[in-house]
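This report goes through a single protein chain by topic. Please look over the sequence and the coordinates before reading on.

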Amino acid sequence: MLATQLLLFGESNIFCARCDIPCRASGPGTLAAQLLRRATSNEDGLCVNCAVTAFLKSVETIAYGIKKNGVGMLLRPDVQKMFTEVMVSGNADANPEEIDWERVVNLWNSPFLKGSKKRMVGI
Ligand SMILES: [Zn+2]
């Protein structure tokens with residue numbers, strides 16, 4: 001089964017737990033979303049680009065293919081189209097146009113901090 005990720009978007013006073021860009025909760029998400037579900041609260045969450053990265057790294061066969069072919073493959077339109085199909089079949093809340101693939105590639109090797117304390121300011 002596909003992993004579900006919190007997903008936060010937009011300008012606000014919380015930040016992506018991985019890359020620190022400003023985000024906001026935009027849920028409630030679709031219960032049927034098997035990946036990239038919008039967050040309903042300001043818990044530690046991920047921006048769409050980091051959530052995509054987390055998903056890709058969580059699926060062993062996909063992660064292996066990217067490792068074998070190089071992360072630059074994610075910039076290919078045919079690969080992005082395949083991912084769009086995965087999003088559709090998994091009822092993802094995120095819109096494919098929201099994904100900044102350049103950012104996904106550039107931050108590919110950045111770590112995911114578990115239990116990150118950096119989250120809201122002033123909520
Ligand atoms: Zn992020």
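Does N91 count as buried, partly exposed or exposed, going by its C-beta neighbours inside 10 Å? N91 counts as partly exposed, because it has 16 such neighbours. The cut-offs are as follows: a residue is buried if 20 or more other C-beta atoms lie within 10 Å of its own, exposed if 12 or fewer, and partly exposed in between, with C-beta atoms placed from the backbone.

## Basis of the model

The model is predicted: local features need pLDDT of at least 70, side-chain atom pairs count only at pLDDT 80 or more, and totals for chains, interfaces and linings use all residues. Residue numbers start from 1 along each chain as its sequence is written.

## Confidence

The average pLDDT (the predictor's confidence in each residue, from 0 to 100) is 82 for the protein, and 79% of the residues score at least 70. The pLDDT is below 50 over residues 1–5, a stretch with 18 contacts in the model beyond near neighbours in sequence. It is also below 50 over residues 116–123, where the corresponding number of contacts is 16. Two residues are in contact if their C-beta atoms, placed from the backbone, lie within 7 Å. Where pLDDT is low, the predicted coordinates should not be read in detail.

## Overall organisation

The protein has four helices and two strands, in the order β-β-α-α-α-α along the sequence. Helices (H or I, at least four residues) and strands (E, at least two) are DSSP runs, numbered from the N terminus.

Of the 123 residues in the protein, 31% are buried. Among contacts with a separation of 6 or more, 67% are between residues 24 or more positions apart.

## The nonpolar core

A nonpolar core is a set of buried Ala, Val, Leu, Ile, Met, Phe, Trp, Tyr and Cys residues joined through C-beta atoms within 7 Å. The largest one has 22 residues, and those touching the most other members are C16, L36, C47, V48 and A51. Strand 1 (8–15) and helix 1 are the elements that give two or more residues to this core. Helix 1 supplies the largest share, five residues.

## The loop between strand 2 and helix 1

L36 lies in the loop between strand 2 (22–25) and helix 1 (48–58). L36 is buried, because 30 other C-beta atoms are within 10 Å. Its phi is positive, about 55 degrees, although L36 is not a glycine. Most residues other than glycine have a negative phi.

A39 is in this loop as well, and A39 is buried, with 24 other C-beta atoms within 10 Å. A39 and R24 are 15 residues apart in sequence, and their C-alpha atoms are 8.5 Å apart. G45 is another residue of the loop between strand 2 and helix 1; G45 is buried, with 27 other C-beta atoms within 10 Å. From G45 to A25 the C-alpha distance is 8.5 Å, across 20 residues of sequence.

Helix 2 (residues 60–69) lies largely in the open, because the number of buried residues among its 10 is one. After helix 2 comes G70, with a positive phi near 95 degrees.

Helix 3 is hardly covered: one of its 13 residues is buried. The expected span of a helix is 1.5 Å times one less than its number of residues. For helix 3 (residues 77–89) this gives 18 Å, which agrees with the 18 Å between its end C-alpha atoms.

N91 has a positive phi of about 55 degrees although it is not a glycine. E97 is found in the loop between helix 3 and helix 4 too. With 7 C-beta neighbours inside 10 Å, E97 counts as exposed. The C-alpha atoms of E97 and T84 are separated by 9.3 Å, and the two residues are 13 apart along the chain.

N109 belongs to the segment after helix 4 (101–106). N109 counts as exposed because it has 8 C-beta neighbours inside 10 Å. Between N109 and V71, 38 residues apart in sequence, the C-alpha to C-alpha distance is 9.6 Å.
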